[in-house]
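Open the model in your viewer and switch to a cartoon view.

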Amino acid sequence: MKKTAFITGASSGIGRATAVALAKSGFQLVITGRRAERLQELAQELAPTPVHILTFDVRDRAAVEAAVASLPTDFQAVDVLVNNAGNAHGLAPIQDGEPNDWDLMLDGNVKGLLYVSRALLPGMTQRKQGHIINIGSIAGLEAYANGNVYCASKAAVHALTKGMRIDLLPQHIKVAEVNPGAVETEFSEVRFKGDSERAAKVYQGYEPLRAEDVADVIHFMVTRPPHVNVAEVLLLPAAQGAATLINKE
Ligand code: NDP
Ligand code: 8X3
């Protein structure tokens, strides 16, 4: 029987690439996001892999709970949860920050991860088996100018990963984190509210990571033997030395 991976934020970027990599590797998938059409396209691309689509906003706790409760029997035993959904919104000094952007980041990146995990954990604890991969960021390991709340949201993911690993140890559930540096996805388009020119500049003058590079690492982590937990990975483009130190030529 195929293992089941549940990937949040599979409509784009790292989540989408992870879905492709895990499908190739023989997993069946639950793919989630708000953009239903994108998820349907992905499901078609992944055929004949069995895929179940759940469309919900991770910030909406009732929607998360209802979506997980609606899983068909064949997809209920989730082996791997990839908590990937999230984004940055804005890049501004704290005194100029938009409180609405702060809500989006804290509610999505932190509380969304908690809601999804909480909804899936009863099944994992009952089966005494599961593997959770949280997508953090280099931004969670070091704050950078104007990144304030996004960095705080990812620092929260870092702390939660450790806390979850400790609490879930007796339940035989592995908890791990991938902290990427710069990955060229729709991330900067979202951060800069659709300003594609500004977004493109983030990735110019060096070779950023591709979503597939992160997916490769996630695939490696979830295909280790049961006794191995690759607990934390910092994955950077070769041109990146720190959050805002990128060697551009
Ligand atoms: P993308 O913008 O390409 O993808 C973000 C994904 O998250 C989309 O599928 C989006 O789906 C989903 N998402 C965002 N907010 C919500 C929400 N409220 N409810 C449900 N789904 C949501 O960016 P990336 O692939 O780069 O980002 C994926 C993760 O990687 C994020 O957690 C990000 O912080 C992290 N990361 C990214 C880095 C980068 O440089 N790109 C580096 C380090 C970490 P939809 O819009 O359809 O809901
Ligand atoms: C995304 C990478 O450096 O833009 O988490 O914060 S960064």
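Two strands count as paired if DSSP finds at least two bridges between them. Strands (E, at least two residues) and helices (H or I, at least four) are DSSP runs numbered from the N terminus. This is a predicted model: local features need pLDDT of at least 70, side-chain atom pairs count only at pLDDT 80 or more, and totals for chains, interfaces and linings use all residues. Residues are numbered from 1 along each chain as its sequence is written, and side-chain values use heavy atoms, without hydrogens and water.

Select residues 130-135 and 173-180. These are β5 and β6, a parallel pair with six bridges. Glycine 130 sits opposite isoleucine 173 of β6.

Now show the whole open sheet. Its seven strands run in the order β3-β2-β1-β4-β5-β6-β9, paired in parallel. β3 (51-55) and β9 (232-235) each have a single partner strand, so one side of each lacks a neighbour in the sheet. From one strand to the next, the twist averages 15°.

Next, the helices. Select 36-46: α2 lies across β2 (28-33) and β3, at about 175° to β3. Select 148-168: α5 lies across β5, β6 and β9, at about 160° to β6. Angles run from 0 to 180 degrees between N-to-C directions, with axes fitted to C-alpha atoms, for helices over the stretch in contact (heavy atoms within 4.5 Å).

Finish at isoleucine 31 with side chains shown. Among the residues that isoleucine 31 touches are Ile7, Leu39, Val51 and Ile53, not counting residues up to four places away in sequence.

Key
Chains are lettered from A and ligands numbered from 1 in the order in which they are written.
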